[in-house]
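Hi there,

Here is the structure I promised to pass on to you. Have a look at it first, and then read on for what turned up.

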Amino acid sequence: MSAPSTNFEGWVAHSATDPLKFTTFAPKPFTDTDVEIKITHCGICGSDIHTLRSGWGPTDYPCVVGHEIIGIATRVGSGVSTLASSPASRVIRVGDRVGVGPQSMSCLKPNCEACSTKRENYCPRITGTYASRYADGNKSYGGYATYWRGPAHFVFKIPDALPSAEAAPLLCAGITVFSPLVQYGVGPGKSVGIIGIGGLGHLGIQFAKALNCDRVVAISRTSSKRDDAIKGLGADAFIATDEDKTWSKKNSGSLDVILCTVSSPKMPLAQYLRLLKLNGTFVQLGAPEDPLPPIRAGALIMKGVKITGSNIGSPDEIRQMLELAAEKKVLPWIQKRPMKEVNQALVDMHEGKARYRYVLTNDVDGNKARL
Ligand SMILES: NC(=O)c1ccc[n+]([C@@H]2O[C@H](COP(=O)([O-])OP(=O)(O)OC[C@H]3O[C@@H](n4cnc5c(N)ncnc54)[C@H](OP(=O)(O)O)[C@@H]3O)[C@@H](O)[C@H]2O)c1
Ligand SMILES: [Zn+2]
Ligand SMILES: [Zn+2]
């Protein structure tokens, strides 16, 4: 496999409104701790849409989104096999099937509270996989492209048991639900609610089951996803918040932990909190473009509940998550879309049609059996 010349090709956004255009862009210069990947698959995450339309503030165009990247390592820097920052990354070789999630770098400094405790995902100098900058000022470009290039510290070998297309959404949606489930002690004896049954949410149900928690409740706006959630994904119960006026009262005090993946601020937050048990924890994962709804102090005071948030997951957690997914067959439900149809796939994603993740595919030669 030949490495591309200085420029890569991909689906580039030039503004918040124009469709993506297939054209060239200049990746960061290759360094001896980098890996270059020929991209075979890239999932479409809700964050791609927020970023493309400058929903979280002005995006640094030109921009190539996509941070659920799977492909084949085509170039491995000479320093990777002895990489000081990550012994686990030293095994990456040319020809390996590898993945990259939403984070491409952090400061990795010993005096950084986050990096020195292996929580790189909370580093204040985090480099996102797209629309972000490396410490040297170079822009980061994501996976709606034919190649990706970046630091080996944030590149992961994909276990053989995981097919490439299904592995892609695990790199963002999967780790974003896995990390808080583990952090907040979800397992035997615990009841968990998953709000929003989309890319993140449908994996949240499956990972909560894989972690052997007692009861998983899927919480959605309507009953249209009920059968998928209960018969397919393994949820024990289902709540349709737009269809049952008494849902909050009826299920009050029933959940230890809630993961909220809702991407819009139009959510009944106070009613969600009512579902928590005494001292329960509500973890916001969805990142709406506008502030969350106001709540009365009593919603927190009367049951001593906690509201928190969680950002993707650390490299160590990503490796644990991939292992568990391979062992317990936690696989996202995906619909493959040729990457050249990315603009239509984005419209369909925005309209909520994905069941439950679109994965863009590049035409690839070689390695067919494992793709
Ligand atoms: N914290 C992190 O590290 C992290 C990582 C990745 C993504 N995110 C964020 O998480 C959110 C979800 O991402 P995703 O990829 O899972 O998106 P998604 O597939 O579109 O799922 C979002 C779900 O939210 C629910 N929802 C409720 N109200 C909605 C509304 N008014 N409009 C649209 N959806 C609504 C829907 O579930 P129902 O139909 O079941 O109601 C929908 O399926 C995004 O904001 C994304 O940026 C955060
Ligand atoms: Zn994402
Ligand atoms: Zn740091």
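How many Å separate the centres of domain 1 and domain 2, taken over C-alpha atoms? The separation is 28 Å. Please keep in mind that this is a predicted model.

The two domains come from the domain assignment, which gives residues 8-169 + 333-361 to domain 1 and 173-309 to domain 2. Where they meet, 12 residues of domain 1 are in contact with 10 residues of domain 2. On the domain 1 side of this contact, α1 gives the most, with three residues. By class, that side has six nonpolar, five polar and one charged residues.

As for the chain as a whole, it has nine helices and 19 strands. Its radius of gyration is 20 Å, which agrees with the value near 21 Å that a compact globule of 371 residues would have. Along the principal axes, the C-alpha atoms fill a box of roughly 60 × 45 × 40 Å. Of the 371 residues, 47% count as buried. Among contacts with a separation of 6 or more, 72% are between residues 24 or more positions apart.

Best wishes

How values were computed
Residues numbered from 1 in each chain as written. Chains lettered and ligands numbered in written order. Predicted model: local features only at pLDDT ≥ 70, side-chain atom pairs only at ≥ 80, totals over all residues. Helix = DSSP H or I, 4+ residues; strand = E, 2+ residues; numbered from the N terminus. Rg over C-alpha atoms; globule rule 2.2 N^0.38 Å. Buried ≥ 20, exposed ≤ 12 C-beta atoms within 10 Å, placed from the backbone. Contact = placed C-beta atoms within 7 Å. Domains from an automatic or database assignment. Nonpolar A, V, L, I, M, F, W, Y, C, P; charged D, E, K, R; others polar.
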